[in-house]
Amino acid sequence: MSQPVCRGGRWRPRLDRPALVALLFGLAGVGYRLVLTLRTVPVSNSDEATFGLAALHIAQGRELPVFLYGQRYMGVLESYLAAPLIAVAGPSWPLLRLPLLLLYALFLWLIHRLTRRICSPWFAAGIVGLLALGGERVVRDQLTVVGGRPEVKVAVLLMLLIAVGLARDRVRHRRLAIGAFGLLAGVAVWSDWLILPYLAVAALTLAWVARRELLGWAGPLLLAGFAVGIAPMIRDNLVAPPGEDSLSVFREISTKAGPTPSWSRRLDGGLLEGVPLAAGLCPVDGCARWQGWFGLLYPVLLLLAAALAVRAYRRAGPVPRGERVAPVVHLALVVGAALTLLSYVRSPLAATSPLENARYLSVLQLSLPAVLWPLWVAAVACWRGTVGVLGRLAGALATAVLAALAATTLVVTVLFAGTGSEASRVEERQARELAERLRADGPREVYGDYWTCNRLIFNTAEEVVCGVLDDGLAPGQNRYRAYWRQVGRADRPGYVLEAGSAAERRLRALLGDRADAALVAEVGGYRVYHPRTPVRPWR
């Protein structure tokens, strides 16, 4: 990546051309996302606000949550990362998202280092260039604080780099590095279970690299590191009420009753919608049929990448592990992607709501170097003229695929940056206007729907408290029960409902002739009601 040169008696690193290009791509990607972060694009929501409220409570010393409020299987590491900033400056969407921007920058740097070590310098620069782009679906996964994925991707890359460094004898303190490997794995399990396939293949890679060392003191250090990383999750599960431990909750969510979609529908939603959306080839509202080409090609690329890795491993022969670790890591990334994709298409959600759930495939970015490597190899061989006629045809096709991938991603990014972010900015402005109105004039205790409440509470720094109701004005998904209890004790609570919604129609029916008199404001598509006597039909 760099070469040391002597200037004025001091050695300084000098970037070579591929590393310099990668640096420019990375700065462009981080700068683009910094602008979006400062503008709160993509738009915030109540899921993200729940992480923000957890960060606020951590900053104030009121709570030390292990999992997201009301959800005992997703860690809140992102809340802990944001807590120091919120402690200094108070609740703010840009401050809440800033640690994720730093994690994205770290992700780019790590994936560049890994790709350069197992592939080639110019290919590593190209990977950074692709990952610097991003439409709304990709950017939303990278910048919104909704749990897990940004930090676990960084953890896996660090784990694989540790394995590569151990195989090539570039790690001075090998036992400590193995302990750090275990710590990263434990933190990743606590943070987001979606990363389990990649953790499994990373662990197998470590076992291949250092199996003899693991039989000695390195093994206990690995387990100790893992135990420390996962300790918050273990402690919370030990005190959880029966049926509310992480495994029980996750099993209940994964096995909800309902019709089981056919495999053809799940494959269609997983491959033709999920993969292109996660790769940034489609706008956030879905893929046209022709945009599903990368989803159809993806399993083929996985097979080609696996075959190429096995071939490279066999050709290496009985040489030191350092010279064979690259194909092993390639194969690990391929298997991680295959297991993740298989787990996704097994879920009915892949068929019933692919647009909302394509975010679960964002971890496939980890495997992008391995998936595209066969295309790069074929393209380079073609342009160097080292293959025959069939090889040149394959190389020309591979070049076309790479160019189409880059061009499509660039177009989606430009469209989102140019015009697609305007809707987010309008909605964000309306949410802030509502918060300012209630903060200034009240009421301070209100009822609302799920997607209104926690965002309203975060926007007002808990000066306005909101209890969640469903469309029928029955108690809804109240993640933090203290808010519901506080509104329940209010003598005269208000109601903040979307204009024309089912909940508003229900409230007006209950108020009858008093409905117009109770309406005190209409702000940003919401109507604020403050009746003289509380309306609580569930009581």
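**Disulfides, helices and surface**

User: How many disulfides does a search of the whole structure find?
Analyst: This is a predicted model, in which local features need pLDDT of at least 70 and side-chain atom pairs count only at pLDDT 80 or more, while totals for chains, interfaces and linings use all residues. Residues are numbered from 1 along each chain as its sequence is written, and side-chain values use heavy atoms, with hydrogens and water left out. A disulfide is a pair of cysteine sulfur atoms within 2.5 Å. On that basis, the number found in the whole structure is two.

User: Which hand does the link of C282 and C287 have?
Analyst: C282 and C287 are joined by a disulfide, with 2.1 Å from S to S. Both residues are buried, a term for under 20% relative accessible area, with exposed meaning over 50% and partly exposed in between (1.4 Å probe, protein chains only). The angle about the S-S bond is 105°, and the link is right-handed.

User: How many residues apart in sequence are the parts that C453 and C466 tie together?
Analyst: The disulfide of C453 and C466 has an S to S distance of 1.9 Å. Its angle about the S-S bond is -45°, which is left-handed. C453 belongs to helix α20 (residues 450-459) and C466 to strand β4 (residues 465-468), so the pair ties together parts separated in sequence by 13 residues. Helices (H or I, at least four residues) and strands (E, at least two) are DSSP runs, numbered from the N terminus.

User: Where in α10 does a kink of about 60° lie?
Analyst: Helix α10 (residues 218-239) has 22 residues and reaches 31 Å from its first C-alpha to its last, close to the expected 32 Å; the expected span is 1.5 Å times one less than the number of residues. The bend at a residue is the angle between axes fitted to the seven residues ending there and the seven starting there. Among the buried residues of α10 are G229, I230 and M233. The kink comes shortly before the proline P232, at I230.

User: On which residue is the kink in α4 centred?
Analyst: Helix α4 (residues 93-118) has 26 residues, and its reach of 38 Å from first C-alpha to last is close to the 38 Å expected. Its kink of about 30° is centred on P99.

User: Is T260 buried or exposed?
Analyst: T260 is placed in the loop between α11 (246-254) and α12 (263-279). Its C-alpha is separated by 43 Å from that of G26, 234 residues apart along the chain. The relative accessibility of T260 is 62%, so T260 counts as exposed.
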